[in-house]
Amino acid sequence: MILDLFGTLVVAPSTSERNTAATRFASVMCVSPAVAESALTGSWSARHDGQLRSTAEVAAHLVARCDAPVSNVTALELLLKELARDRLRADAPLLQILEELRLRGLRLAVVSDASPDIAEAWSLCDLASYFDATVFSCQLGAVKPAPQLFGTALESLGIAPEKALYIGDGGGDELAGAERAGMRAVRVDRRGGPHGLAFGETSWTGSSIARVEALPSLLSMWRER
């Protein structure tokens, strides 16, 4: 089974949370929140598609885009790492479901459009121990729905596409991308509610569930058919 990260396993940030983060970035870099927000928005591709390979590079890139003092890079790097750890916090019911899926013998992978700060924080979060493989866009150099993201996850799990199930909230055209890769896809309602940010979301008429916590019931229902 392959799962999306933001909006699926952990809450997708809302616009207000994004604005709060931009304000904190602005304070560290000694620029206005509007300048920091513009830098964040304008650097999405660079932060997610492999152009920037570390949190330090992300911090330096944002400082340069904001024309802020280079001396602020280290402080911004520390803030990026702090926020990444916060964003990867998972709730107890989700962790219990992941444990149940593992006990059923399922191999699990994460495929995520993620920046280097998220990739570097992953091993420190509670989610990491439940997954056999992780595929982060910043490390692979491609964002959803690029087929190599799904292909790498399948290869890492050692399973054929027709044996795999993809779960995601739909950002990045991921559900159709998973189907094109030969997998069955199921949409999950965005964790944290519909106000969570998503990029490249497309319409979906296939199978849907309310939360990842509903997966065991869905799998049991399919098995009984």
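## Glu82 and Arg24

Let's start with Glu82, which pairs up with Arg24 in a salt bridge, their closest N and O atoms sitting 3.1 Å apart. (A salt bridge here is a side-chain nitrogen of Lys or Arg within 4 Å of a carboxyl oxygen of Asp or Glu.) Glu82 belongs to helix H5 (residues 73–87) and Arg24 to helix H1 (residues 15–29), so this pair ties together parts that are 58 residues apart in sequence. Helices are DSSP runs of H or I with at least four residues, strands are runs of E with at least two, and both are numbered from the N terminus.

Glu82 is partly exposed, at 30% relative accessibility, and Arg24 is partly exposed too, at 35%. (Buried means under 20% relative accessible area, exposed over 50% and partly exposed in between, using a 1.4 Å probe and protein chains only.)

## About the model

This is a predicted model, where local features need pLDDT of at least 70, side-chain atom pairs count only at pLDDT 80 or more, and totals for chains, interfaces and linings use all residues. Residues are numbered from 1 along each chain as its sequence is written, and side-chain values use heavy atoms, leaving out hydrogens and water.

## Other salt bridges

Arg190 and Asp169 also meet in a salt bridge, at 2.5 Å from N to O. Arg190 is in the loop between strands E5 (184–188) and E6 (208–209), and Asp169 is in the loop between strand E4 (165–168) and helix H10 (174–180), so the pair ties together parts 21 residues apart in sequence. Arg190 is buried at 11% relative accessibility, and Asp169 is buried at 3%.

Then there's Arg180 with Asp173, at 3.3 Å: Arg180 is exposed at 56%, while Asp173 is buried at 17%.

## The wider picture

Asp91, Arg191, Arg211 and Glu213 join up in a network of salt bridges. Across the whole structure, the search turns up 15 salt bridges.
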